[in-house]
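Trainee: Hi, could you walk me through this structure?
Mentor: Happy to, let's have a look together.

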Amino acid sequence: MPVLKYITSDQGTDQESRLRSSAISESLQIFLTSGQQNGDKILNAQKILNGTRQPQTTQILRLLRDNSLESKKLAIYMIGKFRLTEMISEVCDCLSVQGLALHAANVLRGLGKDADEALSRYYLISSGNTVINKTILQLMSVNCRKENQSFLFSRLWSNSRQIREVTSELLLDCGYKAPEEDKDRLHQLISDINRDTGLESIFKGLP
């Protein structure tokens, strides 16, 4: 920067070089200012996260809209720390963002049953994305609530073999007991996939 300023002000330098130096100097100044502002923003977000005062929704939304993954990560951890249940859907949206998916899953897991409703909605929105769907099912199976078991049970009829396999394993881990009225459906499902030995061995574990 000092060299560029010197060239710009040196009357002994040709005009074209002085103009180019001036333009480069201005661009560098903008770049450095922008970097400083971004650093200040992340530093302020870290202070909020480490503090005890609940942040405003607008503050978190600004961080989520920022291009920086670090800003977004701090935002979703704020939602988890302060249990801002009205913003859980924003955390669910981060399940599809590379570099944030694991952080979002950790926050949702920590929110427990408070996240179940948003997770079930996001499952339907992201239907067809097997990776996200499997993550959601695993998160919903953590507390094995009756409502979650019913949601998992209905996934046994998914068109995706991977989803059926994951669902059946999660239900077994939850100690799921099918209601009497659903046992006929379950036995019919086992019969329908009788030729698929991999799935059959899993489903046989269900009562």
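Mentor: One term to begin with: buried means under 20% relative accessible area, exposed over 50%, and partly exposed in between, with a 1.4 Å probe and protein chains only. This is a predicted model, where local features need pLDDT of at least 70 and side-chain atom pairs count only at pLDDT 80 or more, while totals for chains, interfaces and linings use all residues. Residues are numbered from 1 along each chain as its sequence is written, and side-chain values use heavy atoms, leaving out hydrogens and water.

Trainee: OK, what share of the 207 residues is buried?
Mentor: Buried residues make up 38% of the protein chain.

Trainee: How many helices and strands are there?
Mentor: There are 12 helices and 0 strands. Helices (H or I, at least four residues) and strands (E, at least two) are DSSP runs, numbered from the N terminus.

Trainee: Let's take α7. Which of its residues are buried?
Mentor: D116, A118, L119, S120, Y122 and Y123 are the buried residues of α7.

Trainee: And what covers them?
Mentor: The cover includes α5 (88–93), α6, α8 (130–140), α9 (146–154) and α10 (161–173). Contact here means heavy atoms within 4.5 Å.

Trainee: New topic: how do α3 and α4 cross?
Mentor: The axes of α3 (residues 57–65) and α4 (residues 69–81) come within 7 Å and cross at roughly 145°. Axes are lines fitted to C-alpha atoms, for helices over the stretch in contact, and angles run from 0 to 180 degrees between N-to-C directions.

Trainee: Which residues meet there?
Mentor: I60, L63, L64 and R65 from α3 meet S71, K72, A75, I76, M78 and I79 from α4. By class, that contact has 7 nonpolar, 1 polar and 2 charged residues. Ala, Val, Leu, Ile, Met, Phe, Trp, Tyr, Cys and Pro count as nonpolar, Asp, Glu, Lys and Arg as charged, and the others, Gly among them, as polar.

Trainee: What lines the largest cavity?
Mentor: Its lining is L108, R109, G112, A115, D116, L119, L139, V142 and N143. α6 (101–111) and α7 (116–125) each supply at least two lining residues. On a 1 Å grid over the protein atoms alone, a cavity is a set of points where a 1.4 Å probe fits but cannot get out; a pocket is an open set with protein on both sides within 12 Å along at least five of seven lines; lining residues have an atom within 4 Å of a point.

Trainee: And which residues lie nearest the centre of the largest pocket?
Mentor: Y123, S127, N133, S158 and N159, out of 13 lining residues. The classes in that lining are 3 nonpolar, 9 polar and 1 charged.
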